[in-house]
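Let's take a walk through a protein model together. Have a look at the picture first, and then we'll go through it piece by piece.

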Amino acid sequence: MNGAQASMTMQYELTSSLLIVRRQCILVQLAENISQEEEYKLKEELIQLETSLERMQKQEEKTPKPAARKSKVISLQDPDDLNRAIYKPIVKERLRLYKHAKESIPLLMEQIAELEMLLEPADVSITPSYGEMSGGGDSRFSKVEQAVIQPYDEVRAKKNELFRNRMIMQEMDLALRQLSEYEQMIIHNEYLIPRNERVKDYTLYTKFNWGKTQFYEQKKRAIDELARALKII
């Protein structure tokens, strides 16, 4: 492979990596409570990203592969070479969403149960208040109708939020199960419990007879493996 080919390969892999990282950022944003307009824009961008990645993959398949050589070109997808600073914040954000979802689910279920009690049949006369409407074409609801409809809208919103949180939990639980026992322990201690309850690094690597350097390599590996399990890299 000559210098020009190597440069093109590096540029392709960098572009591909950045597109994949951006896609993960969009998926994280879509999991949060955002407006319909923001959701529409993000989904449009996601479609464009998927199209670009598919086009690049087809182009790469058509490109003749260079002859093997002893000094290999290192893939930018390898965690040792891909700047960890790019994907580590995404992993941390996914863990934050997971922790928030786990804490929110019991409260959401309680709120839904309380709201559903309000939806039991009641002796309420729902009569359009035409005096509150301006013009025959105005379709606004009366205050009585709004009072009756509001609990239904709130229940629907809470159930949607509950569904999103369960999806976040399911995805992360599956990813965490792919990690080793030590990696799970490191992730749990570093990101999933309150700061004042965390075990100090020194205590951990002393307990497991690790050297300080070995322990910090394990911490990096835990993030790398979780990023792989979440298909971020």
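Where is the place of Lys 231? Lys 231 sits in the segment after helix 7. Keep in mind that what you're looking at is a predicted model.

## The overall build

Look for helices here: the chain has 7 helices and 0 strands. Reading along the sequence, you get the pattern α-α-α-α-α-α-α.

How much is tucked away? Of the 233 residues in the chain, 29% are buried. The accessible surface of the chain is about 16200 Å², and 53% of that belongs to carbon and sulfur atoms. Now take the contacts between residues at least 6 apart in sequence: 72% of them join residues at least 24 apart.

## The second largest pocket

Rolling a probe the size of a water molecule over the atoms shows where empty space is left. In this model, the second largest pocket has a volume of about 240 Å³. It is lined by 13 residues, and those closest to its centre are Leu 27, Ala 31, Arg 94, Ile 168 and Glu 171.

Which elements give two or more residues to this lining? They are helix 1 (3-30), helix 3 (84-118) and helix 4 (143-177). Helix 4 gives the most, with 5 residues. Sorted by type, the lining residues of the second largest pocket come out as 8 nonpolar, 1 polar and 4 charged.

## Helix 7

Helix 7 covers residues 212-229, which is 18 residues, and at 1.5 Å a residue it should span 26 Å. The C-alpha atoms at its ends are 26 Å apart, so the two values agree.

Which residues of helix 7 are buried? They are Phe 215, Gln 218, Lys 219, Ala 222, Ile 223, Asp 224, Leu 226, Ala 227 and Ala 229. So the list has charged residues in it too, Lys 219 and Asp 224 among them.

## Two residues with a positive phi

Most residues other than glycine have a negative phi. Asn 209 is not a glycine, yet its phi is positive, at about 55°. You'll find Asn 209 in the loop between helix 6 (201-207) and helix 7. Is Asn 209 buried or exposed? Its relative accessibility is 71%, so Asn 209 counts as exposed.

Lys 231 has a positive phi of about 60°, although it isn't a glycine either. With a relative accessible area of 63%, Lys 231 is exposed, because the cut-off for exposed is over 50%.

Conventions
Residues are numbered from 1 along each chain as its sequence is written. This is a predicted model: local features need pLDDT of at least 70, side-chain atom pairs count only at pLDDT 80 or more; totals for chains, interfaces and linings use all residues. Side-chain values use heavy atoms; hydrogens and water are left out. Helices (H or I, at least four residues) and strands (E, at least two) are DSSP runs, numbered from the N terminus. Buried means under 20% relative accessible area, exposed over 50%, partly exposed in between (1.4 Å probe, protein chains only). Contact means heavy atoms within 4.5 Å. Accessible areas come from the Shrake-Rupley method with a 1.4 Å probe; for residues, only the protein chains shown count as cover. On a 1 Å grid over the protein atoms alone, a cavity is a set of points where a 1.4 Å probe fits but cannot get out, and a pocket is an open set with protein on both sides within 12 Å along at least five of seven lines; lining residues have an atom within 4 Å of a point. Grid points are joined across faces, edges and corners, and a volume is the space filled by probe spheres set on the points. The expected span of a helix is 1.5 Å times one less than its number of residues.
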